[in-house]
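Please keep the sequence and the model at hand while reading.

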Amino acid sequence: MMKNWKMGVVIASIVAVITAISMGVVFYISNSNITSMLISDVENNMHTSLDAKTKLIDEYILNAENQLISFSKEQNIIDFLRNTDDKAKREKLQTYNSEYFAALKGWEGVYVSNWETETMTHSNKSAVGMVLREGDSLKQLHENLKAAKGGVFNTGILKSPASGQLIISMYVPIYDGDTPLGFVGGAIQTDGLAQLLNSVSTHGIENTKYSLINTETKQYIFDDNADLILTEITDTSLLDVISTINSGNDIGQLTYNGEDGVEYFSVFRSLPERGWALVIKNEKDELYQPVYKSRIILGIVCVLAFLLITLISGVMISVNLKPLKKVIKKIEKIKTLDLSEDDMIKGYIGCKSEVGKLATAVDSLTVTFRKMLNTLNDCSESLVGGAETMRTASKDLMGSVEDNSATTEELSASILNTNSSIEVVTGEVEKIHDIVKDITSRAQDGSEKSDTLIETANAMSKTATDTLENNTKKVEETKRNIEDAMKNLQSLVKINEMATQILDITSQTNLLSLNASIEAARAGEAGKGFAVVAGEIGSLAENSSETVNQIQALCVDANNSIKSIQECFEDIITFMETDVSGKFQEFASMASQYEVVVNDIQEVIHSIHGKTSAFSESATNIRNQISNVKMASSDNEQGVDDIIVKNDKTTQTADSIIKIADVNQSNVDAIKDILNMFR
């Protein structure tokens with residue numbers, strides 16, 4: 001189907017098809033890789049946010065427990081509980097209780113109670129003397145306090161009976177050896193924890209929602225919907241999370257359709273020591289929005305790249321084939337035997353390029369043909385003159401034969417005249433023979449030059465093929481070097497891990513600062529200077545935390561930049577594999593086309609060589625016939641006495657001369673026909 005198409009159209013079509021296939025493969029591979037990376041990045045961000053919120057919960061509660069433990073270590077507490085009737089110790093302990101509470105932030109209250117849950121001191125003095133628990137509730141508390149000896153008994157999050165707000169209630173038992181004396185208790189408000197959780201945002205996902213649930217009671221602890229707090233969980237997705245955690249999986253993720261009909265993606269982590277679980281969720285369409293955008297952008301880029309490559313290829317093909325078209329047009333003129341001069345390929349003659357060599361050969365061949373035609377034209381005119389002379393001589397000879405009996409002298413004169421004419425014809429025939437020999441030699445030389453031109457075209461094709469193979473190897477080597485460089489860039493991920501470790505250190509520093517502030521408050525006037533230092537350490541920890549968060553954000557941007565660099569390198573490799581290699585393939589194809597054209601020229605030269613060979617044979621026949629005539633004339637000169645005897649033979653010779661003249665005329669006509677074929 002394509003064999004009748006023009007070379008430019010064929011090459012442009014092939015380039016367009018290869019480009020379209022390449023762009024399709026690039027789009028499929030890039031879309032798969034980018035989609036996988038973006039989805040993994042989104043899921044990792046969700047898990048990172050989940051880890052951060054989980055750590056905040058642990059640190060918040062651990063910090064509160066440490067504050068309550070620090071409060072319980074006051075020696076006045078155990079001294080007073082040993083003798084609760086000492087009013088001076090009670091007043092001193094009450095003062096310490098109030099001052100310690102004043103130094104705390106976010107606490108609802110702190111108190112000291114005896115083993116029977118009677119409040120001895122309280123941050124709210126009106127609560128002193130109250131009995132907190134009795135009966136079975138008291139027994140259960142005693143069992144929990146005994147189990148928590150040396151530590152903290154945490155009841156978890158519940159609603160305060162005094163304020164109605166959510167609090168975390170905790171107890172630290174006080175022992176005198178193995179004898180329980182009482183306990184210190186406190187309740188920290190959960191508003192601070194909620195603010196900390198809300199302050200942690202997921203990078204690139206602003207509408208993330210979270211729920212803190214109790215996996216044992218199956219109730220909400222925190223939720224974006226405040227009406228659900230401390231209510232029973234009915235959401236099937238959260239119930240599935242609880243079921244998964246109870247089966248032994250402390251961390252995981254799931255996709256589900258919410259009650260509002262929207263598809264959600266969520267991640268969860270269990271806090272087994274507290275019986276809680278934190279669940280983060282977001283709409284799947286919002287999470288994967290970057291994936292959809294990148295897919296559209298990638299598709300647009302591939303289409304634009306296809307159009308640009310096709311356009312550039314078409315222009316390059318058109319520009320590079322323009323000189324070849326002129327040479328082909330000149331060869332087509334030679335094919336139609338048009339040897340007229342023009343300036344079509346004059347600018348390319350003598351150039352060292354393939355087109356220049358072909359133009360030079362075509363021009364040389366045209367000049368040679370014109371010289372051959374001029375020589376043939378001269379020969380044909382000479383043959384016409386010789387034929388006329390032979391016809392005249394034949395008529396004279398016939399007249400002489402008729403008048404031979406009348407006068408011997410006239411016969412002798414006719415014989416001499418005949419010999420002279422034969423000499424002229426012989427000379428002209430010799431010239432024709434030499435000219436034909438020269439034409440044959442030139443045709444043979446043209447054939448040898450065409451063979452050389454074919455060898456040159458084959459060398460061009462081999463050079464283009466070798467260059468294409470070397471270029472392919474170089475592209476593969478460059479591709480491997482780029483892959484090694486991209487692997488080295490992945491070491492930036494370690495920066496994010498180090499930033500997470502710094503966050504842990506700042507959290508511990510903040511806790512130490514708070515404890516130092518409490519100790520400074522306990523020391524009174526003597527601890528004011530230490531309190532200032534503790535406050536500065538706390539500020540330093542907060543600044544370090546903000547700096548680390550910025551570092552983590554920069555790490556995310558750096559990872560995105562690495563992805564962009566990788567895409568650029570892949571585009572460069574694709575361009576080298578498709579465009580540059582395609583050009584070398586194009587040059588090899590052009591060399592093959594040159595070989596076809598030169599073969600056509602060689603066939604024309606062989607045709608001319610055959611014509612000249614036939615003409616040479618005719619000239620040889622003419623020369624042989626003239627030799628016979630000359631011999632006959634010489635015989636006639638031997639004597640007039642033999643004229644009468646040889647009249648019949650002379651008549652026959654005259655007939656032969658007429659026939660030879662007719663043959664010469666036919667040869668002249670044949671030469672003129674050949675000449676008329678050329679322009």
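Lysine 218 is found in the loop between strand E6 (209-214) and strand E7 (219-223); helices (H or I, at least four residues) and strands (E, at least two) are DSSP runs, numbered from the N terminus. The model is predicted, so local features need pLDDT of at least 70, side-chain atom pairs count only at pLDDT 80 or more, and totals for chains, interfaces and linings use all residues. Residues are numbered from 1 along each chain as its sequence is written, and side-chain values use heavy atoms, with hydrogens and water left out. The phi angle of lysine 218 is near 55 degrees, a positive value in a residue other than glycine. Lysine 218 counts as partly exposed, at 40% relative accessibility. Buried means under 20% relative accessible area, exposed means over 50%, and partly exposed lies in between (1.4 Å probe, protein chains only).

Threonine 117 likewise has a positive phi in a residue other than glycine, near 65 degrees. The loop that holds threonine 117 runs between strand E1 (107-114) and strand E2 (119-122). Threonine 117 counts as buried, at 0% relative accessibility.

## Overall make-up

The protein chain contains 13 helices and 10 strands. Of its 679 residues, 38% are buried. Among contacts (heavy atoms within 4.5 Å) with a separation of 6 or more, 67% are between residues 24 or more positions apart.

The chain exposes about 36,900 Å², of which carbon and sulfur atoms supply 54%. Accessible areas come from the Shrake-Rupley method with a 1.4 Å probe, and for residues only the protein chains shown count as cover.

## Surface patches

Val17, Ile21, Val25, Tyr28 and Ile29 make a nonpolar surface patch of about 510 Å². Patches are made of residues with over 30% relative accessible area and no salt bridge; like charges are joined within 9 Å, and nonpolar side chains (Val, Leu, Ile, Met, Phe, Trp, Tyr) within 5 Å. Valine 17 belongs to helix H1 (residues 7-72).

A negative surface patch is made up of Glu259, Asp260, Glu283 and Asp285. Glutamate 259 sits in the loop between strand E8 (251-257) and strand E9 (263-271), and is exposed, with a relative accessible area of 70%.

Asparagine 63 lies in helix H1 and is buried, with a relative accessible area of 18%. Leaving aside residues up to four places away in sequence, asparagine 63 touches Leu511 and Leu514.

Histidine 142 has its place in helix H4 (residues 135-147) and is buried, with a relative accessible area of 13%. With residues up to four places away in sequence left out, histidine 142 touches Trp115 and Glu116.

## Salt bridges

Side chains of opposite charge can pair when their charged atoms come close. The structure holds 6 salt bridges, a salt bridge being a side-chain nitrogen of Lys or Arg within 4 Å of a carboxyl oxygen of Asp or Glu. One of them joins arginine 269 and aspartate 51 (2.6 Å, N to O). Arginine 269 lies in strand E9 and aspartate 51 in helix H1, so the pair ties together parts that are 218 residues apart in sequence. Arginine 269 is partly exposed at 25% relative accessible area, and aspartate 51 is partly exposed at 28%.

Aspartate 176 forms a salt bridge with arginine 82, their closest N and O atoms being 3.2 Å apart. This pair links distant parts of the chain, 94 residues apart: aspartate 176 in strand E4 (residues 166-176) and arginine 82 in helix H2 (residues 75-82). Aspartate 178 pairs with lysine 149, the closest N and O atoms being 3.3 Å apart. Here aspartate 178 is in the loop between E4 and strand E5 (179-189), and lysine 149 is in the loop between H4 and strand E3 (153-159), 29 residues apart. Aspartate 178 counts as exposed at 67% relative accessibility, whereas lysine 149 is partly exposed at 42%.

Terms used
Lys and Arg count as positive and Asp and Glu as negative; His and the chain ends are not counted. The place of a charge is taken as NZ of Lys, CZ of Arg, CG of Asp or CD of Glu.
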